[in-house]
Amino acid sequence: MPKNQTILFHSTIFGPIHSRRLGVSLGVNLMPNDGKVCSFDCLYCEAGFNAQGPGKTGLPTREQTARDLEAKLKAMKEAGETLDVITFSGNGEPTLHPEFAGVIDDTLRLRDKYFPNAKVSVLTNSTRIFDPEVAEALKRVDNNILKLDSAVEKTMRLIDRPVSKEFTVDRVVEGLKQFSGTGIIQTMLLRGEHDGRPVDNTTPEEIEALIKAYEKIQPKEVMLYSLDRSTPEERLVKVEKEELDRIAAMVRERGIKVSDY
């Protein structure tokens, strides 16, 4: 096992787990169950760095995902269990799956059949929002949770390490505007060091740039959070709640809703 690997999900459907933000959450992993596939290589990713490789199992098919999800939902329903949300996350970026839009359609159908009051959430790093089919699928889910960790180009590249050089802050902010009023922007706040370079997206300049980006995007709400699990870059530092509260207050003062954390 690579030294920097942290947590991998070893199945397509996992949980349910109790999420601090989302409640009783059943997870869907559209990436391999023995490796990682992502268009970012974030310093803080709980699944580890991309260098560990994609593994050998490949991506689950749309049919397999639907079959496994229905089996789990049916079992939970028969057992009298509750479910608040079906959450797409896992070992990489879910929207990279070639049948992502179809999987979302299947999931909405199965949710309506077994747990019609449950929400469907997607955690995405925003790299695929420029694909019309992916964007439309994201608009169909209840919680479209889109990453924006920094609105400063060099900081975004240091923290998120996008695979594509075409992915820029200016382009993603412009792209995120299509989810105005419906999308949820999620921002990881942290500081520390990587390869001898300081990492900090909490400075006054960084926060002002983020707030200006939020103002352009006009999301339904913003989720601010910090480190909660082990990270592949061990020299990162959690931003404590008192500081998160202060930053959240600054965002709210500009008319942007910030969710509880």
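Which strand holds Pro16? Pro16 sits in strand 1, residues 13-19; strands (E, at least two residues) and helices (H or I, at least four) are DSSP runs, numbered from the N terminus. The model is predicted: local features need pLDDT of at least 70, side-chain atom pairs count only at pLDDT 80 or more, and totals for chains, interfaces and linings use all residues. Residues are numbered from 1 along each chain as its sequence is written, and side-chain values use heavy atoms, with hydrogens and water left out.

**Backbone geometry**

- The peptide bond that joins Gly15 and Pro16 is cis, with omega at about 10°.
- Ser126 is not a glycine, yet its phi is positive, about 75°. Ser126 belongs to the loop between strand 4 (119-124) and helix 3 (132-140). Its relative accessibility is 0%, so Ser126 counts as buried (buried is under 20% relative accessible area, exposed over 50%, partly exposed in between, with a 1.4 Å probe and protein chains only).
- Arg161, also not a glycine, has a positive phi of about 45°. Its place is the loop between helix 4 (153-159) and helix 5 (169-176). With a relative accessible area of 26%, Arg161 is partly exposed.

- Asn29 is part of strand 2, residues 23-29, and is buried at 0% relative accessibility.
- A polar atom of the Asn29 side chain lies 3.5 Å from the backbone oxygen of Ser11. A polar contact is a pair of N or O atoms within 3.5 Å; within protein, one must be able to donate a hydrogen and the other to accept it, and residues adjacent in sequence count only if both atoms are side-chain atoms.
- Not counting residues up to four places away in sequence, Asn29 touches Phe9, Ser11, Thr12, Phe14, Pro60, Ser89, Gly90 and Asn91 (contact means heavy atoms within 4.5 Å).
- Asn91 lies in the loop between strand 3 (85-89) and helix 2 (100-114), and is buried with a relative accessible area of 0%.
- The C-alpha atoms of Asn91 and Lys154 are 25 Å apart, and the two residues are separated by 63 residues along the chain.

**Nonpolar core**

- The largest nonpolar core has 75 residues, of which Tyr44, Leu73, Leu83, Leu148, Tyr214 and Leu224 touch the most other members. Such a core is a set of buried Ala, Val, Leu, Ile, Met, Phe, Trp, Tyr and Cys residues joined through side-chain atoms within 4.5 Å.
- Leaving aside neighbours within four places in sequence, the contacts of Tyr44 include Lys147, Asp149, Ile159, Met188, Leu190, Tyr225 and Leu236.

**Helix packing**

- Helix 1 (residues 62-78) and helix 2 pack at about 15° with their axes 10 Å apart. Axes are lines fitted to C-alpha atoms, for helices over the stretch in contact, and angles run from 0 to 180 degrees between N-to-C directions.
- Helix 1 and helix 2 are therefore roughly parallel (angles under 35 degrees; over 145 is roughly antiparallel, 65 to 115 roughly perpendicular, the rest oblique).
- Residues in this contact include Leu69, Leu73 and Lys77 of helix 1 and Val103, Leu110 and Tyr114 of helix 2.
- The axes of helix 6 (residues 204-217) and helix 7 (residues 241-253) come within 10 Å and cross at roughly 40°, which makes helix 6 oblique to helix 7.
- Ile207, Ile211 and Tyr214 of helix 6 meet Ile247, Met250 and Val251 of helix 7.
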